[in-house]
Amino acid sequence: MPDTDLGAARALSEAPAVAPSAIPAAARAESASPLAGLTAPRRVLPAGVDEPAIQLSEAPFAALWQVTAWPGRLGAAGSAAAAAAGVAEAPAPGHAVVSGDATLMRTEPLRWWLLGEAPLAPPAIDAEDGTCLDLGHGRWRVRIKGPSAPALLARLVAVDLRSDAPASGRVVTTPLHHVPVTLLASAEGADLFLPRSHARALWELTVETASQFGLEIV
Amino acid sequence: MSGYRLREGGVVDRSSPVSFVWDGTRYHGLAGDTLASAMLANGLGPVARGFKYHRPRGIMSAGPEEAGALVTLGRGARREPNAKAPTVELVEGLEASGQNAWPSVRFDLGQVNDLLGRFFAAGFYYKTFFGITGKGTWEWMQFEKLIRRAAGMGSASREPDPDSYDVVHDFCDVLVIGAGPAGLAAAAEATAAGLDVMLVEQDFALGGQLVGAEETVEGRKAADWLSQAEAALGPARVLRRATAFGLYDGNVVGVVERLTDHIAEPDPHLPRAALRIVRPARVILATGAIERPLAFGNNDRPGVMLAGAMERYARRFGVAPGSRAVLATAGDGAYAAAACLARAGVETTLLDARETPPEAMRAAAEAAGVALMAGYLPVEAHGRAATAGLTVGRATAIRHGIAEARAERRLEADCVGVSAGWSPAIHLVAHRGVKPVWHGDLGCFLAGTPPEGVALAGASRALRGTDAIVEDGRHAARAAIAALGHGKAPGRAPAPAAQAQPAPALYEVRLPDRKLKTFLDPQHDVTSEDVRQAAREGYTSVEHMKRYTTLGMATDQGKTGNIAGLALLADALGQSIPETGITTFRPPFTPQPIGALAGRARGAHFASERRTPMHAAQAEAGAVFTDAGLWKRAWYHPQGGEDLEAAYLREARMVRECCGIIDVSTLGKIAVQGPDAGAFLNRVYVNGFAKLPVGKCRYGVMLRDDGFVLDDGVSWRLAEDHYLMTCTTAQAGHVMVWLEYLLAWRWPELRVHVASVSDQWAGAAVAGPRARAALERALASGDVSGAALPFMGIAAAELKVAGGTVPVLIARISFSGELAFEVYAPANWGEAAWQALLAAVEAEGGAAYGMEALGTLRIEKGHVTGAELDGRVTLEDAGLGRMASRAKPFIGSAMRVRPGLTEADRPALAHFEAVEPGARFSGGAIVCAPGQTTGHGIGWITGVTESPAFGAWLGIGFVEGGAAAWEGREVVIAEPVAGRETRARVLPAHRFDAAGERMHA
């Protein structure tokens, strides 16, 4: 029995062999939503509420790379992440910057998430600076918008979003019903990045909670 | 009772009648009423029965301090006992009923207990349950049942709560608790300074004592002042019907907001209540003060209430408590109430224990038409179901607040109002551990120094006079504004001042020649004699006295009775009130619905359910699922009406004879990346991983520091500096935390990153002699031949799926003991991968299999799972001792060789086969030596199955010395609860295809 299959080993070591962005999109099967069957457009309006004050939708994305810096190599790792995102400077903890189809979020002191609305090459990070990991299939994005978005978010997460400036998104990783989720706040509401296996349960919880405000699933 | 609606007055809407049902009869109140004011207006009474003696009770207060009018609201699943009538907002169709009585609160057979009162004295339960003879006898058992049935207050619904509740997280600059004059002024001041303000008020109206008041506030009519104050709140978030029930560390405030109880037919989408967890920068407690009653004879009769409550019913609700009122005070307290009643046309007499009340007060009272009797005390109320007269007398001596009285004469009265001082509501600040301090000059406890960020204002600081209270509220707001950097710090806060003419402390009125029934805590039927008895019996600590007498327990937590209770205890012990102290205030301030604490975490949302990417495909095909932690896992895949047993046996045989596919997406998956990843895993696992070639995977076991097994799994080396670790479903979270801890604290010098990728990958195992053939059918590219993908090899490949291809990682790993592959696909393609692989498996004659069949296969093979690795098992116990590296240290390597963990007779892994045909035993059963089936036995069973491979009922588990000591011998497997004993033969756990030819095929 040979110790190593060199072909496979090379493929695996040189680049993540199964990174979704590495493969021509046309050849790939459709992505399946963990929310299948739950997202049909509809309105839930309690008595006396004429217009929904919450719009809820799932918002699939094309790529999500996690860049983690070694302590002391934050600057270099951040530069690589910023370059991949097409922004001048990597954002500070708790902040996000958007450039075209790319959003760079500082999710932890030593960590960024690079989100691509379109397929996005992984950041070219030197092994001396940090590591890069594909999370593109591990999270599912749900978008909350509408005038009652702050009230709904207050019922989901314990985060003070009062001073949120519309220009730069705020990023926070926080428990939602004891499940770690990453939240990207905006002036209109927030995007929630849910662990894929929990997405269904958390969507249902969000729908149940949002119904009191008048909800539209779009 | 004697109450009625006055012709005018109150802030109720006289044009909006509201009907409600009391004990089956329909009555009418008005919009703006509480249940209590509507009951008073209808002259209803008694409305409740006492807890122990079943004495009739009426409405005693106008707030959450209510100790008398406890009622049951609603019915069916919405039945709610122990609601305090004064805090229940009247809503159309409200149903309320009496409780703790049979057949009704008007005529209750239980009142016989009142005659047996001396048997129900303090410590009744302790003495009864611990002290009397005859315990254990049949008679005792019947007696105990009777007592238990008689105990308790009201009865809750046993049906699930039909309503929903929210948990809300709020943030603000200043949280003002209480919307009386101080709170309104504070909130307006802070709002005007541009701060983000929240104001919470337990009532449905803002204004506290000012609602309906006729006094002048800052030169304006109270109503005008109130409406201007409300308008000044502007953008502040004002929560009505919201009780701040607890103040916690970091000044987190727990608030329950009642959202729909006041709506006759709320929309089902609306939550009934919300627990609001408020995190303010500053807290201002404008919680007011609670009036204290006076203990005199039969002071629990319907019609006896707090003087301030009488005034409140008259002013706010336009309801008089009776037509002949006697009020009693030892200070200035009841004068305003007396004047208010007299002006409303109630024949009012005011007893002031002071011989010479302040002249101005006397003049004002008499001008209002109050008959003032200076130097008089209430001695004993008459009547039973309602007050019918009051014997009054003069004090011969007042010592420590206990008046010896000489009864003089009986006054005609149908209601009695008492005021024995005020207790500032310092409950919330006390929740933070601030000790209450007794102020003899003010006759009350005040809060000690509040913690950083918390301030008290108004009557909660014992301030008197609305203007002073308003000014104090503004002062507290200015201090908060300054602390938040928005203004200059104000000067000193207004100081509370004693009354112009100090009032003697007064808690109880006694007669020298006769014992009166004087209640301190009407809600729990605790009398002043109970407190004295507790002192006599040695319960000298106020906390012990509370528990022995139950004073200050129950739903009002002694808001009115505690001070008198501890004053009487102090007197009985010959010590001062500060020496005696007060019982600890704990949250909640008032009872709150448990549903609100649970929020939406109930039913299907009790915990967040996890589904694998392959779930839906299996569910649609008819799989039956089981819970594995939060996960749903396919248990078995029935065909043609199969039950569990038929299905799993078919599935297990199918894997051994052909092939099958199972969803293994729930396995924990952790990316371990960085130049030191290999070195890190070498320290974590007992066996070596640093030299594992790229493109290979290896089974590893990790120990805890104490040498016991933590978890096992296979780690794949994807690249020089990238491993994919898998761990058991059950321990995935634990292992992740453990690795993060090790890197953060023990070995920060290692350049290793870990991240959970459990949700990134979907995984399926294809197992069985035809597994390779099946897999090859599904491949678009890649090579899974024996040469290209040897045992424990990894390959990248692509699957043909509907609509395209899916990239996968394939590892040749076997849990079943058969030729097997684990195929991992990125999660969004997991369903497509499952469908493609299942079709390929079916084309080879196989099908999907579930957890139960997997259990059969692994038990036959002797592979361990979390059932075996339960935290008490060493490597050797699990039969894995040879895996431990001698060439390197690893976590647990030192402690695993300590005495006790290396003894040869430790229980070790073995197979157990039932000897008699058809005999079965269960997981969790005890393994015993023959003839020794008592005690803890010599081992235990962790898993069982009908084994197609061995043709026997097969168990896996542990026995002292393991198979080496017992091989071929019989043991008895005992299940004492089921009363079953089964003979079984002990065999080595690793005997199915011991040479591994099948999985190496």
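In chain B, M792(B) sits in the loop that runs between β43 (779–781) and β44. Here helices (H or I, at least four residues) and strands (E, at least two) are DSSP runs, numbered from the N terminus. The model is a predicted one, in which local features need pLDDT of at least 70 and side-chain atom pairs count only at pLDDT 80 or more, while totals for chains, interfaces and linings use all residues. Residues are numbered from 1 along each chain as its sequence is written, chains are lettered from A and ligands numbered from 1 in the order in which they are written, and side-chain values use heavy atoms, with hydrogens and water left out.

M792(B) is not a glycine, yet its phi is positive, at about 70°. The relative accessibility of M792(B) is 16%, so this residue counts as buried. For this label the relative accessible area must be under 20%; exposed means over 50%, and partly exposed lies in between (1.4 Å probe, protein chains only). Another positive phi in a residue other than glycine belongs to A554(B), with a value near 65°. A554(B) is placed in the loop between α13 (542–549) and α14 (562–573) of chain B.

Chain B holds 24 helices and 53 strands, and its C-alpha trace spans about 110 × 70 × 55 Å along the principal axes. Of the 1001 residues in chain B, 59% are buried. Contact means heavy atoms within 4.5 Å. Taking the contacts in chain B between residues at least 6 apart in sequence, 65% join residues at least 24 apart.

Which cis peptide bonds can be pointed out in chain B? One runs from W102(B) to P103(B), with omega near 5°, and P103(B) is in the loop between β8 (94–97) and α2 (112–115). Another joins P587(B) and P588(B), where omega is about 0°. P588(B) belongs to the loop between α15 (577–580) and α16 (594–598).

Helix α6 (residues 222–231) of chain B has A222(B), W225(B), L226(B) and A229(B) as its buried residues. Looking down the axis of α6(B), these buried residues fall within an arc of 100°, so they line one face of the helix. The arc is taken from the directions from the helix axis to the C-beta atoms. On the face turned away from the buried side, α6(B) carries the exposed residues A223(B) and A231(B). The cover over the buried residues of α6(B) includes α5 (181–192), β11 (216–217), β12 (220–221) and α11 (466–483) of chain B.

E651(B) is part of helix α18 (residues 644–657) of chain B and is buried, at 0% relative accessibility. The side chain of E651(B) reaches the backbone nitrogen of G850(B) at 2.9 Å. Leaving out residues up to four places away in sequence, E651(B) touches Y636(B), H637(B), A848(B), Y849(B), G850(B) and A853(B). E412(B), in the loop between β25 (402–411) and β26 (415–419) of chain B, is exposed, with a relative accessible area of 54%. With the sequence neighbours up to four places away again left out, E412(B) touches R324(B), V326(B) and G389(B).

The interface with chain A comes next. In it, 73 residues of chain B are in contact with 61 residues of chain A. The two chains bury about 5200 Å² between them, 57% of it on carbon and sulfur atoms; buried area is the accessible area (1.4 Å probe) that two parts lose on being put together, summed over both. H605(B), H753(B) and N828(B) supply 14% of the area that chain B buries against chain A, more than any other three residues.

Six salt bridges are counted between chain B and chain A, each being a side-chain nitrogen of Lys or Arg within 4 Å of a carboxyl oxygen of Asp or Glu. E798(B) forms a salt bridge with R28(A), and the closest N and O atoms are 2.7 Å apart. Among the elements that give two or more residues to the side of chain B touching chain A are β16 (273–285), β44 (794–801) and α22 (830–843). The largest share of that side, seven residues, comes from β9(B).

Definitions and conventions: Polar contact = N/O pair within 3.5 Å; in protein donor to acceptor, adjacent residues only side chain to side chain.
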